[in-house]
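Student: I would like to go through some side-chain contacts and learn how to read them. Please show me the model and take the features in turn.

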Amino acid sequence: LRRPEIKATWYRCRACAIERGPIRARGGIVITADAGLASLRRAGTIVIPGWRSADERPPEAFLSALRSAYARGARILTICSGVFALAAAGLLGGRRATTHWLYTKTLAERYPDVQVEPDVLFVDEGRILTSAGSAAGLDLCLHEVNEAATLIQEEADDEANIIFGAVLDESMGDQIRITVIRETRCVEYAK
C-alpha cells in the first residue's frame with residue numbers, strides 16, 4: 001500500500017523465486033514471483049517462508065545468493081522449514097536456531113553445529129532470525145517490523161539532535177515560546 005503522506009521508506013517488497021513460473025504453496029496458495037535471485041543482491045531483509053522439503057538440498061545458486069547477501073550485511077529471516085536453506089548455506093554454524101517442532105530433530109541431526117532451540121517461537125541472532133511454524137513466523141515478522149521501527153526512530157532521533165535547535169523565549173511572561181529551527185524553515189509552538 002503506497003503511503004505518500006509518510007516520508008520514510010520502510011519496506012519495498014518483492015517476491016523472488018529460484019525458478020520461473022508460479023509457486024504453489026500449501027493451502028492452494030499460488031504466488032507469482034516478479035524477480036529472480038539477482039534481486040537478493042539489493043535486499044536489506046530476506047524472508048524465506050519455507051523450503052520444499054527437509055530432504056531436498058536447495059540449489060547452489062540460491063545458497064550462494066544467501067551467503068553473498070549475508071556477507072554484505074543483509075538480515076535473513078526464515079519461517080518454519082526455511083531454516084534448512086540457511087543451514088545448507090552454512091549460515092547457522094555455531095548459532096541458535098529454531099524450526100517447526102516436526103523438523104527440530106532432523107535439523108539437529110543433519111546440522112550438529114547448530115544449537116537447535118525446540119521450545120521457542122523464534123530466535124533472533126542479530127542478522128539471522130529463525131521461527132518455528134507459520135504462526136510463529138507471524139510473531140517473527142512483527143518482531144522484525146518492531147526492530148526496524150526502533151532503528152528508524154533512533155536514526156530520526158540522531159538526525160533531530162543534529163538538525164534541530166530550540167530557542168526558549170521566556171519574555172512572554174508565563175507563556176513559553178519554543179522556536180524549532182530545521183534547516184531553513186522555522187516553526188513556532190506556543191505553550
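Student: Which residue forms a salt bridge with Arg14?

Tutor: Side chains of opposite charge can pair when their charged atoms come close. The cut-off for a salt bridge is a side-chain nitrogen of Lys or Arg within 4 Å of a carboxyl oxygen of Asp or Glu. Arg14 pairs in this way with Asp34, and their closest N and O atoms are 3.8 Å apart. The two lie in distant parts of the chain, 20 residues apart: Arg14 in the segment before β1 (22-24), Asp34 in the loop between β2 and β3. Helices (H or I, at least four residues) and strands (E, at least two) are DSSP runs, numbered from the N terminus.

Student: What should I know about the model and the numbering before going on?

Tutor: The model is predicted, with local features needing pLDDT of at least 70 and side-chain atom pairs counting only at pLDDT 80 or more, while totals for chains, interfaces and linings use all residues. Residues are numbered from 1 along each chain as its sequence is written, and side-chain values use heavy atoms, with hydrogens and water left out.

Student: Are Arg14 and Asp34 buried, partly exposed or exposed, and why?

Tutor: Buried means under 20% relative accessible area, exposed over 50%, and partly exposed in between (1.4 Å probe, protein chains only). Arg14 is partly exposed because its relative accessible area is 45%, and Asp34 is exposed because its value is 51%.

Student: How many salt bridges does the structure hold?

Tutor: There are nine salt bridges. Among them is the one between Asp55 and Arg110, at 2.4 Å from N to O. This pair also links distant parts of the chain, with Asp55 in the loop between β3 and α1 and Arg110 in helix α3, 55 residues apart. Asp55 has a relative accessible area of 63% and so counts as exposed; Arg110, at 39%, is therefore partly exposed.

Student: How many residues apart are Lys105 and Glu109 in helix α3?

Tutor: They are four residues apart in helix α3, which means a separation of about one helical turn. Lys105 and Glu109 form a salt bridge with closest N and O atoms 4.0 Å apart. Lys105 is exposed at 61%, and Glu109 is exposed at 54%. Salt bridges can also share partners: Glu19, Arg52 and Glu56 are joined into one network in this way.

Student: How many aromatic pairs are there?

Tutor: A pair of aromatic rings is described by the distance of the centres and the angle of the planes. Rings of Phe, Tyr and Trp (its six-membered ring) pair if their centres lie within 6.5 Å; planes under 30 degrees apart count as stacked, over 60 as edge-to-face and the rest as tilted. The count comes to two aromatic pairs. Trp51 and Phe62 are stacked, with 6.0 Å between centres and 25 degrees between planes. Trp51 lies in the loop between β3 (45-48) and α1 (60-71) and Phe62 in helix α1, so the pair ties together parts eleven residues apart in sequence. Both Trp51 and Phe62 are buried.

Student: What is the geometry of the pair formed by Phe84 and Tyr103?

Tutor: Phe84 and Tyr103 are edge-to-face, at 6.0 Å centre to centre and 85 degrees between the planes. Phe84 is in helix α2 (residues 83-88) and Tyr103 in the loop between β5 (96-97) and α3 (104-110), 19 residues apart. Phe84 is buried because its relative accessibility is 3%, whereas Tyr103, at 21%, counts as partly exposed.
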